[in-house]
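I want to go through the strands, the rings and the charges, one at a time.

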Amino acid sequence: MIDFNKIKGFISDMDGVIYHGNQILPGVREFVEWMQKNKKGYLFLTNNSGSTPMELHQKLERMGLDVPPEHFYTSALATAQFLKEQAPGCSAYVIGEAGLLNALYDVGITMNDVNPDYVVVGEGKSYSLDTLTTATNLVLKGAKLIGANSDVSGPIENGIAPACRALTAPIEMATGKRAYFCGKPNPLMMRTGLKLLNCHSAEAVMIGDRMDTDVISGLESGMSTVLVLSGISTKETLDEYGYRPTEVLDGVGDIVKEAERLKK
């Protein structure tokens, strides 16, 4: 059992943990207020590449939560940081939304649909047969294929939506090339999160609703892990994997209840 009172840093997924679509989940408000009141370091890590930290701040604000932009880190930011370190000043053909485009612009990556160094794929409404065809042929001409994250699907209010790995798969199949994914469970994203929180992995906990991205990324980074059953995973999901989270809770509100119970 984790003593959440002793945890210095909390890294939490968003979709399926904090909200579904535009609906905040039960216990989230109490969890955020508890972290802020107890001066815990916290970071919301999301594999969704479509939104900027400011947009995520405003989204939570509309739900009644005050979380400053610096408490968000997205797979778009992780992708931009990776490309900046790999090939400073490179160019890319990008399928994605403002979050991904802005992150790439901010580190000096230019857009190029003729002979780019990279084809970068994220979630977004610009995804179409035309953009797929362009991306496929650019990869065949030598552009390296990058995916913002390896999620196959993500929760929405009325079910699930195809996510980045599913959207990247047609390009991989058509070209025979494998994409490199920068978001969770890539350890690079988790190491950056710990650095932003200024804490060691032993002092942090990873909270998520997916075994295949959230829990495994926390485990492989040396953190305690909490699987919440408010999103994709169910109790039956646990039997599909050869590893287990440190704790399984119904939602993040249970973290506050456990912390207060251990204080008594």
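I started with A92, which stands opposite M111 in strand 7. This is a predicted model, so I'm reading it as such. Strand 6 covers residues 91–95, and I find it paired with strand 7 in the parallel sense over two bridges.

Five strands form an open sheet with parallel pairing, and I noted the order as 7-6-8-9-12. Which are the edge strands? They are strand 7 (110–111) and strand 12 (180–181), each pairing on one side only.

On to the rings. I searched the whole structure for aromatic pairs and got seven. One of them is F10 with W34: edge-to-face, 5.6 Å centre to centre, with 85° between the planes. F10 lies in strand 1 (residues 9–12) and W34 in helix 1 (residues 28–37), so this pair ties together parts that are 24 residues apart in sequence. Buried or exposed, these two? Both F10 and W34 are buried. I also jotted down that F4, F10, F31 and W34 form one aromatic cluster.

Then F44 and F72. Their ring centres are 5.9 Å apart and the planes make 40°, so I logged the pair as tilted: stacked would need under 30 degrees and edge-to-face over 60.

Now for charges over rings. K59 lies over the face of Y19, 4.1 Å from the ring centre. K144 has its charged end over the ring of Y118, at 5.9 Å from the centre.

Last entry: E172, in helix 6 (residues 164–175). What is the nearest side chain of opposite charge to E172? It is R178, 4.4 Å away. Leaving aside neighbours within four places in sequence, I found E172 in contact with L145, K177, R178, A179 and F181. R178 therefore turns up as a contact of E172, as contact here means heavy atoms within 4.5 Å.

Definitions and conventions
Residues numbered from 1 in each chain as written. Predicted model: local features only at pLDDT ≥ 70, side-chain atom pairs only at ≥ 80, totals over all residues. Heavy atoms only, no water. Phe/Tyr/Trp six-rings, centres within 6.5 Å; stacked < 30°, edge-to-face > 60°. Helix = DSSP H or I, 4+ residues; strand = E, 2+ residues; numbered from the N terminus. Buried < 20%, exposed > 50% of the residue type's maximum accessible area, 1.4 Å probe, protein only. Lys NZ or Arg CZ within 6 Å of the ring centre and 35° of its normal. Pairing = 2+ DSSP bridges. Lys, Arg positive; Asp, Glu negative; His and termini not counted. Salt bridge = Lys/Arg side-chain N within 4 Å of Asp/Glu carboxyl O.
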